[in-house]
Amino acid sequence: MRKSFLLSTIAVALIFGACKKSTDDFALTPVTDYFPMQVGKYITYNLDSTVFINFGTKDTVIKYQVKHQVDAQITDNLGRPGYRIIRYIRKTAANPWQPDNTFMVVSNESTVEFIENNMRFLKLKAPIRDGYTWKGNSYIDIYGLNVRYLEDWDYTYDSVDNKITVGSFTLDSTLKVAQRDEVIGNPSDPNSYHEINYSAEKYARGIGMIYRDFLHVEYQPPRPGVGAYRQGYGVKMVMIDHN
């Protein structure tokens, strides 16, 4: 009886020890595994861009394809090595690519910084584990750049090491970064101000960002002489190709 109890105790200890080791090992995974950088690497996306037209009285979705391609190794203004990414855009696969924006990535095993339109986003941060949280927009001068809605966002890892399907790709190891899910005011009341901010991204091991869903909307209620209107924008990106 005592021998059986001892063997059971050892088995349980080994199982829990193995689980802990696996979890700890994964937490030590370099964040660059999910954001690899190499000159010539690219990811192509279907892009749905939500814009507000007719003086903010109507929203519409414009469809594009975009390609993020690593163009060159460079140095940032702090002397750190990084990479320049050129974004190419086209309406459909039948159209030629046209460059339309430039980004920069500065990364190491612990952090990935993505610089876009003079804003520095801390996209990934070690350790990689479910529930880990960091201030992803802490480097952004929100008032100087008039992007108050980006203030104090908590980025959180969710669904780490998940196998998912994106488009035609089945991806064995992915993670989600939940960035914001916020509603200010009462969207059901047409006579009061409200604001919606939502953002989430997904990354695949060995590939990079495979999905993005972002929405910022501000609703201004009607007032004497001025009708109600909305302003803001939305972006949805889904990977359709990569190398």
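The request below concerns one loop and its surroundings, and the reply follows.

User: Please examine the loop between β6 and β7, where Pro 127 lies. Which residues does a cis peptide bond join, and is Ile 128 buried or exposed? Please also describe what else the model shows around this part and elsewhere in the protein.

Analyst: The model is a predicted one, and the description that follows rests on its computed geometry.

The loop in question runs between β6 (119-125) and β7 (133-135), and Pro 127 lies in it. A cis peptide bond joins Ala 126 to Pro 127, with omega at about 5°. Most peptide bonds are trans. Ile 128 is found in the loop between β6 and β7 as well. With a relative accessibility of 2%, Ile 128 counts as buried, because the cut-off for that class is under 20%. Along the chain, Ile 128 and Val 31 are 97 residues apart, yet a distance of 7.1 Å separates their C-alpha atoms.

When residues up to four places away in sequence are not counted, Glu 109 touches Pro 30, Val 31, Thr 32 and Ala 126. Glu 109 itself has its place in the loop between β4 (98-107) and β5 (111-116). In contrast to the buried Ile 128, Glu 109 counts as exposed, at 57% relative accessibility. Glu 109 and Pro 30 lie 79 residues apart in sequence, while their C-alpha atoms are 4.4 Å apart in space.

These pairings may be set beside the contacts of the whole protein. Of the contacts with a separation of 6 or more, 49% are between residues 24 or more positions apart. The protein has one helix and 12 strands. Along the sequence, the pattern reads α-β-β-β-β-β-β-β-β-β-β-β-β. Of its 243 residues, 39% are buried.

Charged pairs form the next topic. Side chains of opposite charge can pair when their charged atoms come close. A search of the whole structure gives 15 salt bridges. One of them links Arg 120 with Glu 113, where the closest N and O atoms are 2.6 Å apart. Both Arg 120 and Glu 113 are buried. Salt bridges with shared partners join Asp 76, Arg 80, Glu 113 and Arg 120 into one network. Within that group, Asp 76 forms a salt bridge with Arg 80, with 2.9 Å between the closest N and O atoms. Asp 76 counts as buried at 6% relative accessibility, whereas Arg 80, at 26%, counts as partly exposed. A further salt bridge is formed by Glu 182 and Arg 180, whose closest N and O atoms are 3.1 Å apart.

Strand β9 (residues 169-185) holds Ser 173. The side chain of Ser 173 makes a polar contact of 2.6 Å with the side chain of Tyr 34. Ser 173 is buried, its relative accessible area being 11%.

Two other residues deserve attention for their backbone geometry. Most residues other than glycine have a negative phi. Asn 146, a residue other than glycine, has a positive phi, near 60°. Asn 146 is found in the loop between β7 and β8 (154-166), and its relative accessible area of 67% makes it exposed. Ser 159 also has a positive phi near 60°, but Ser 159 is found in strand β8. With a relative accessible area of 27%, Ser 159 is partly exposed.

Lastly, the largest pocket has a volume of about 640 Å³. Its lining comprises 40 residues, and His 68, Phe 103, Glu 116, Arg 212 and Met 237 are those nearest the centre of the pocket. By class, the lining of the largest pocket consists of 27 nonpolar, seven polar and six charged residues. Strand β1 (residues 42-53) supplies the largest share of this lining, namely five residues.

Technical notes:
Residues numbered from 1 in each chain as written. Predicted model: local features only at pLDDT ≥ 70, side-chain atom pairs only at ≥ 80, totals over all residues. Heavy atoms only, no water. 1 Å grid on protein atoms, 1.4 Å probe; cavity = no way out; pocket = protein on both sides within 12 Å on 5 of 7 lines; lining within 4 Å. Points joined across faces, edges and corners; volume = space filled by probe spheres on them. Helix = DSSP H or I, 4+ residues; strand = E, 2+ residues; numbered from the N terminus. Nonpolar A, V, L, I, M, F, W, Y, C, P; charged D, E, K, R; others polar. Buried < 20%, exposed > 50% of the residue type's maximum accessible area, 1.4 Å probe, protein only. Polar contact = N/O pair within 3.5 Å; in protein donor to acceptor, adjacent residues only side chain to side chain. Salt bridge = Lys/Arg side-chain N within 4 Å of Asp/Glu carboxyl O. Contact = heavy atoms within 4.5 Å.
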